[in-house]
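Hello,

Here is the structure I promised to pass on. Please open it first, then read my notes below.

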Amino acid sequence: MKSKILVLFSSIIGSAFLLSACGEQKTTGIDPQMMTDSLFSVMEADRTVYTKLIIGRLAKDEKVIKASEHWKDEKALVLPAQMFRYGAERVAEKGAPFSYSLLSLWPVNKQNKPKTEVEIKGLNYIAENPGKNFYSEEELGGVKYFTAVYPDVGVAPACVSCHNKHKDSPRTDFKLGEVMGGVVIRIPI
Amino acid sequence: MSARKHIYWIYWLLITVGIAVYLTMQLLGEDKTVYLPGKTSHGHYQIEMACAACHSDPLGGGEVLQEACMNCHGSELEVADDSHPKSKFTNPRNADRVAKLDARKCVTCHTEHKEEITLAMGVTQPDDVCFKCHQDVAENRPSHEGLEFPTCATAGCHNFHDNRALYEDFLSKHLGEPDVHAMAEVVPLSSVEVYQTISSYPIEQFPIKPLKSNEADQPISVRKDPKIVQDWMDTAHSQSGVNCSACHEQKTEGLDEPVWVDKPSHKVCSTCHTDQTKGFLSGKHGMRLEQNLTPMTPGKARLDMKRTAHGDELSCVSCHSSHRFNTKDAAVEACLSCHDDQHSNSYKDSKHFNLWHKEIRGQAAENTGVSCATCHMPRKEVKHDGMKIIIAEHNQNDNLRPNEKMLRSVCMQCHGLGFSIDALADRELVEKNFSEKPDVHIESLDMVKKRLGLKKDVDGM
């Protein structure tokens, strides 16, 4: 009888130990939101630096070189949005487990308007709630994703003036500091 | 088991072994026709016996094929600023599009060995494939309302990959250009002296030193032909210190002395003419050599070729004729000695030839004539050691299809964009080798003009 109790007791302790270990392993992983927040902070910092220190300084203030959508033909600087997209494409080419896009409710290129339900909801949310992010989950192509949408703000006069003047821009009244679009980051879960 | 059954088993065994031996011999031999699942497209038929060129891993799946496509065509797509790169479709937000058309893989649109569904350029999707993703195009482009989807890529307006000369801002930049520019000439090739300054030129092997005819260093065992020596003396080779031995003597493993080779291969030419040889091996003249197959002959071509040339094996000297290396002959007469289709045979009745004739007779300035090579082997810029060098593209298939690829690198050197687009879209005129003005008009420039005008009105409000 004593040995039976001992085995039962050991089993309970053992399973509790195992369960607690499993739980601990889970809590030590990076939370998807923390992951997307961290990725966005790097993206936003690089994007702002490029926009202000390269485009704003060289193309707008010093007028040393032009920035153009057709940078190869015009022998000009890559536009900040293109810089961002080329980075996203390079990340995709390298097979990274996450993906990101720059979208807008008022895109110059219509391919960049939100199209999934979460994108539409998220882009509208960040436009209506300045300074706030939007988080959700969605299933695309049979894979479930944690999807985060962050505001993309017009940080330099160049952002605002170029978009307001562009012949394909559906909006011409952007103001400095306003949400012009959103960065969508997805992580498979 | 009855005796008859035993005999059947022996027959079965013999037939099975026979088939296995036959298939193995076919696999190891040069003729692998038995393994072809269907007729190969015009782009690949020359190398269809080099199965491993595409099926590099017999156990590999789609990724192996994709890698093979990109190995040969990847750099071309990069140069063309591919409008539909794989990276556009790997983002999960495009999963719905991938489900309709998996544009991440080349074989989705270019399935090989399917003659019954293969269209121009090896495309195996219907002409209206654009509809799958761009059905709402008229929402933002009212000018496209009512246009049928098979016309997107067949009317001289859009290409799936290469739109470098067709995008809206490019069209708007070239509105109102004349049919022929006042300064109609192509950019001159870089001089031999410039090419010799690049670090990959084997200057130590062949120091620049003009040679005299009595310095020709062929061995005593080789008969000295005065005509060959004279031809050599007339070339840049003799002026650059490139003696007979430079091309004809090759080092052989196990022998101390180099061996004289009567007919050196393209590999010898590539010692100095690296870019040109690379181009030659990428096109239909040299792609068999690149796959270690026997050289291409006009007799193997699917295009019409002169019967007299059917057996000629293609190498650098097929067009450049050994020792003389006359680039003017290579630019026209060499082509016409093999090609026997309507476009080629109409060339000498064209204005282009007229200009070429004047140039080679010294009646017009250099680079104002239009030879076969002017359009099919255009001048292009390459970079070596940060230096820009102009060479002739030796892959004559590089700009062939879709023919709008010629707009920037060829036509627009002398003609306005609108005239060029119309001319290339006029299939009959292409056959006649541009002997008259185009009879076809493509509306893309008119649409741009109209759209810009409308936009201006809106801005002015």
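Two residues count as in contact if their C-beta atoms, placed from the backbone, lie within 7 Å. Keep that in mind for the interface. Keep in mind too that this is a predicted model.

The contact takes 17 residues from chain A and twelve residues from chain B. On the chain B side, helix H3 (residues 95-100) gives the largest share, three residues. That side divides into four charged, four polar and four nonpolar residues.

Now the confidence. The model scores pTM 0.88 and ipTM 0.83. Chain B has a mean pLDDT of 93, and 98% of its residues reach 70 or more. Over residues 456-461 of chain B, though, the pLDDT is below 50. That stretch has zero contacts in the model beyond near neighbours in sequence.

Next, look at helix H2 of chain B, residues 62-79. Its 18 residues reach 24 Å from first C-alpha to last, close to the 26 Å expected. The helix bends by about 60° at B:His73.

Most residues other than glycine have a negative phi, and most peptide bonds are trans.

- B:Asp81 follows H2 of chain B, and its phi is positive, near 50°. This residue sits in the loop between H2 and H3. B:Asp81 is partly exposed, because 15 other C-beta atoms lie within 10 Å.
- B:Asn292 also has a positive phi, about 60°. Its loop runs between helix H13 (287-290) and helix H14 (316-320) of chain B. B:Asn292 counts as exposed because it has 9 C-beta neighbours inside 10 Å.
- B:Arg401 and B:Pro402 are joined by a cis peptide bond, with omega about -15°. B:Pro402 lies in the loop between strand E4 (387-392) and helix H20 (406-409) of chain B.

Best wishes

Note on methods: Residues are numbered from 1 along each chain as its sequence is written. Chains are lettered from A and ligands numbered from 1 in the order in which they are written. This is a predicted model: local features need pLDDT of at least 70, side-chain atom pairs count only at pLDDT 80 or more; totals for chains, interfaces and linings use all residues. Helices (H or I, at least four residues) and strands (E, at least two) are DSSP runs, numbered from the N terminus. Ala, Val, Leu, Ile, Met, Phe, Trp, Tyr, Cys and Pro count as nonpolar, Asp, Glu, Lys and Arg as charged, and the others, Gly among them, as polar. The expected span of a helix is 1.5 Å times one less than its number of residues. The bend at a residue is the angle between axes fitted to the seven residues ending there and the seven starting there. pLDDT is the predictor's confidence in each residue, from 0 to 100. A residue is buried if 20 or more other C-beta atoms lie within 10 Å of its own, exposed if 12 or fewer, and partly exposed in between; C-beta atoms are placed from the backbone.
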